[in-house]
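This briefing goes with the sequence and model shown below.

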Amino acid sequence: MAFRAAVITFPGSNCDRDMAVAIERASGSAPLRVWHADAELPERLDFIALPGGFSYGDYLRSGAMAANSPVMRGVKEQAERGVPVLGVCNGFQVLTEAGLLPGALMRNASQNFICRTVALTVENSQSLFTGGYDQGQAIRIPVAHHDGNYFADEDTLDRLEGEGRVAFRYAENCNGSRRDIAGVLNAAGNVLGMMPHPERAVDTAHGGTDGLALFEGAMRTLADA
């Protein structure tokens with residue numbers, strides 16, 4: 001059976017095509033494209049991606065309105081069933097607003113929009129999403145955000161650290177995120193939110209391929225399951 005992934009598009013998404021291209025490159029199958037107002041997700045999904053952008057123009061709070069879109073009911077249900085869900089940049093913001101991940105993404109400490117490639121450290125190479133990397137591996141992935149400053153209270157941060165749920169950390173903190181956190185997992189390990197854009201690092205013509213290992217590693221893990 002062909003690999004079935006879905007990329008959700010919200011009003012204001014601008015990385016949905018990039019995400020679709022990255023998934024197809026890694027899996028060999030073009031993902032289904034799902035509009036935020038759809039009340040139900042396609043059946044038998046193997047992977048769900050929430051892309052970057054500025055859903056609803058970041059009105060109220062980044063990701064706050066998108067988190068209440070009709071499609072998110074289905075995303076929550078599928079996540080609870082164990083289907084992998086990846087949220088990148090605005091997708092990460094949506095996941096926190098929807099309660100699928102702890103913490104919140106606040107305004108960058110510099111108060112400026114940041115758009116450049118940054119150095120990351122792989123903190124957990126044992127998750128479904130990070131199996132294509134080595135523990136402690138240094139990688140370079142682009143960021144493009146204004147509200148990427150990850151915040152959580154100390155108890156939550158301690159729990160994330162203790163449970164191995166910090167997936168990626170900034171080698172040099174670019175936005176003020178607590179404990180340099182760039183990506184976090186849910187307790188079950190099937191939901192990952194990260195501010196850097198791995199889908200923008202899958203082609204040497206675009207500056208590097210360090211993001212491709214995330215998609216290829218996830219597809220291999222799912223194929224072996």
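Which residues of H3 are buried? They are Asn90, Gly91, Phe92, Gln93, Val94, Leu95 and Thr96, where buried means under 20% relative accessible area, exposed over 50% and partly exposed in between (1.4 Å probe, protein chains only). This is a predicted model, in which local features need pLDDT of at least 70 and side-chain atom pairs count only at pLDDT 80 or more, while totals for chains, interfaces and linings use all residues. Residues are numbered from 1 along each chain as its sequence is written, and side-chain values use heavy atoms, with hydrogens and water left out. Helices (H or I, at least four residues) and strands (E, at least two) are DSSP runs numbered from the N terminus. Contact means heavy atoms within 4.5 Å.

**Annotated site**

- In an unreviewed UniProt entry, the annotation "active site" covers Cys89, His197 and Glu199; such positions are given in the numbering used here, feature names are shortened, and annotations may be inferred rather than shown by experiment.
- These residues span 111 residues in sequence, but no two of their C-alpha atoms are more than 10.9 Å apart, so they gather at one spot.
- From this set, Cys89 belongs to the lining of the largest cavity.
- Cys89 sits in the loop between strand S4 (85-88) and H3, and its relative accessibility of 5% makes it count as buried.
- Not counting residues up to four places away in sequence, Cys89 touches Gly52, Ala144, His145, Met194, Met195 and His197.
- His197 is in the loop between strand S11 (191-194) and helix H5 (212-224), and it is buried, with a relative accessible area of 1%.
- Apart from neighbours within four places in sequence, the contacts of His197 are Cys15, Gly52, Val88, Cys89, Ile141, Pro142, Val143 and Ala144.

**Cavity**

- Rolling a probe the size of a water molecule over the atoms shows where empty space is left.
- A cavity is a set of points, on a 1 Å grid over the protein atoms alone, where a 1.4 Å probe fits but cannot get out; lining residues have an atom within 4 Å of a point.
- The count comes to one cavity of 30 Å³ or more.
- The largest cavity has a volume of about 60 Å³, a volume being the space filled by probe spheres set on the points, with grid points joined across faces, edges and corners.
- Its lining consists of Gly53, Phe54, Asp58, Ser62, Cys89, Asn90, Gln93, Ala144, His145, His146 and Asp147.
- By type, three residues of the lining are nonpolar, six polar and two charged; here Ala, Val, Leu, Ile, Met, Phe, Trp, Tyr, Cys and Pro count as nonpolar, Asp, Glu, Lys and Arg as charged, and the others, Gly among them, as polar.
- Helix H3 (90-97) and S7 each supply at least two residues of this lining.
- His145 lies in strand S7 and is buried, with a relative accessible area of 1%.
- Beyond residues up to four places away in sequence, His145 touches Cys89, Asn108, Asn112, Phe113, Ile114, Tyr170, Asn175 and Met195.

- H3 is mostly covered, with seven of its eight residues buried.
- Gly99 follows H3 and has a positive phi, near 85°.
- In helix H4 (residues 154-162), the residues Thr156, Leu157 and Leu160 are buried.
- Seen down the axis of H4, the buried residues fall within an arc of 100°, so they line one face of the helix; the arc is that of the directions from the helix axis to the C-beta atoms.
- Exposed residues Asp155 and Gly162 are on the face of H4 turned away from its buried side.
- The cover over the buried residues of H4 includes strand S8 (149-151), strand S9 (166-170) and strand S10 (181-185).

**Loop residues**

- Asp58 is in the loop between strand S3 (47-50) and helix H2 (71-80), and its phi is near 60°, a positive value in a residue other than glycine.
- Leu60 is also placed in the loop between S3 and H2; its phi is near 70°, again positive in a residue other than glycine.
- Leu60 is exposed, with a relative accessible area of 63%.
- Leu128, in the loop between strand S6 (114-122) and strand S7 (138-145), counts as buried at 17% relative accessibility.
- Leaving aside neighbours within four places in sequence, Leu128 is in contact with Pro84, Gly189, Gly217, Ala218, Thr221 and Leu222.
- Leu128 and Phe215 are 87 residues apart along the chain, and their C-alpha atoms are separated by 9.8 Å.

Methods:
1 Å grid on protein atoms, 1.4 Å probe; cavity = no way out; pocket = protein on both sides within 12 Å on 5 of 7 lines; lining within 4 Å.
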